[in-house]
Amino acid sequence: MKKAYFTSFLAICLVVFGLGQSLMAQELATPQSRWTVGFDVGAGMLLDCQICDPSNVLNTPLKQTDPESYQVISGNVNYRLIRWLELTANVGYGQLQAQSTTNLTASDGRNGYPLQQNVVEQYRMLTVGPKLMLRIHQGDLELAIRTGINLHNARVRATGFSGESIDVTYKLQLSRCSAVRLGYTYWPRPQFGIRAAAELFIGNRTTADLYEPRTPYATAFPALDTTALQQLTPNSGGVNSLNFSLGITYRFAGY
């Protein structure tokens, strides 16, 4: 599934990039500065989500509600090698949030722990790769393919109907990720650009363990049933998402 997402999105990007050649501007002079920096803000549409997998008691209601509360921000540094090719490094942060109500099963088999719960998964991504540039009118059509690392963890907060309060933060995990971005940067001024982009982010692992709590359940909540609490543990498999963003770009002068 991951390969299918990547291949399909990349094919669409290449088609758009190819069509853009017919609109290519006549002016192909390389800008004086090779360095640019940018900042983007956007939202993601989830394609695959281990936290949203219905195999877990916590995750079951998330398929029935709307877990696509997924925000993304990122910053990037770019170095232009030649007129149509750059190297780009991207630092990003994503947050997935969802709420649900469920009953946890105690060690004696009874459904004795009704909870209103909130789960937040955070992603910190560092990716690098090449970016193709195609000059169209007063802007650049951009196709970037990046790969890198994803440092992620989760937090679950729950409130029982009998007044129990549960707040669990899970340990950080490191995994690989990749991304394909298609965007267009319009330059109203030589040093200032406005960008719109769509990006396919691949961070989902088909085989992954559950997150590990920073403090063992038995230590953090000695009065509560450990077997029931273990059902709160989310899967660490990550997400695949299609992200849409708007951003700004600044070109340094004279570098």
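Keep in mind as you go that the model is predicted.

**Stop one: W35 and Y79**

The structure contains 3 aromatic pairs, and we will visit two of them here. A pair of aromatic rings is described by the distance of the centres and the angle of the planes. Select W35 and Y79 and look at both: the ring centres are 4.7 Å apart and the planes meet at 55°, so this pair is tilted. Now colour the strands. W35 belongs to strand β1 (residues 35–49) and Y79 to strand β2 (residues 69–82), so the pair ties together parts 44 residues apart in sequence.

**Stop two: Y170 and Y211**

Next, select Y170 and Y211, another tilted aromatic pair, with 6.2 Å from centre to centre and 40° between the planes. Where do these two tyrosines sit along the chain? Y170 is in the loop between β6 (165–169) and β7 (173–189), while Y211 is in the loop between β8 (192–202) and α3 (217–220), so this contact ties together parts 41 residues apart in sequence. Are they buried or exposed? Y170 has 0% relative accessibility and counts as buried; Y211 is buried as well, with a relative accessible area of 3%.

Notes. Residues numbered from 1 in each chain as written. Predicted model: local features only at pLDDT ≥ 70, side-chain atom pairs only at ≥ 80, totals over all residues. Heavy atoms only, no water. Phe/Tyr/Trp six-rings, centres within 6.5 Å; stacked < 30°, edge-to-face > 60°. Helix = DSSP H or I, 4+ residues; strand = E, 2+ residues; numbered from the N terminus. Buried < 20%, exposed > 50% of the residue type's maximum accessible area, 1.4 Å probe, protein only.
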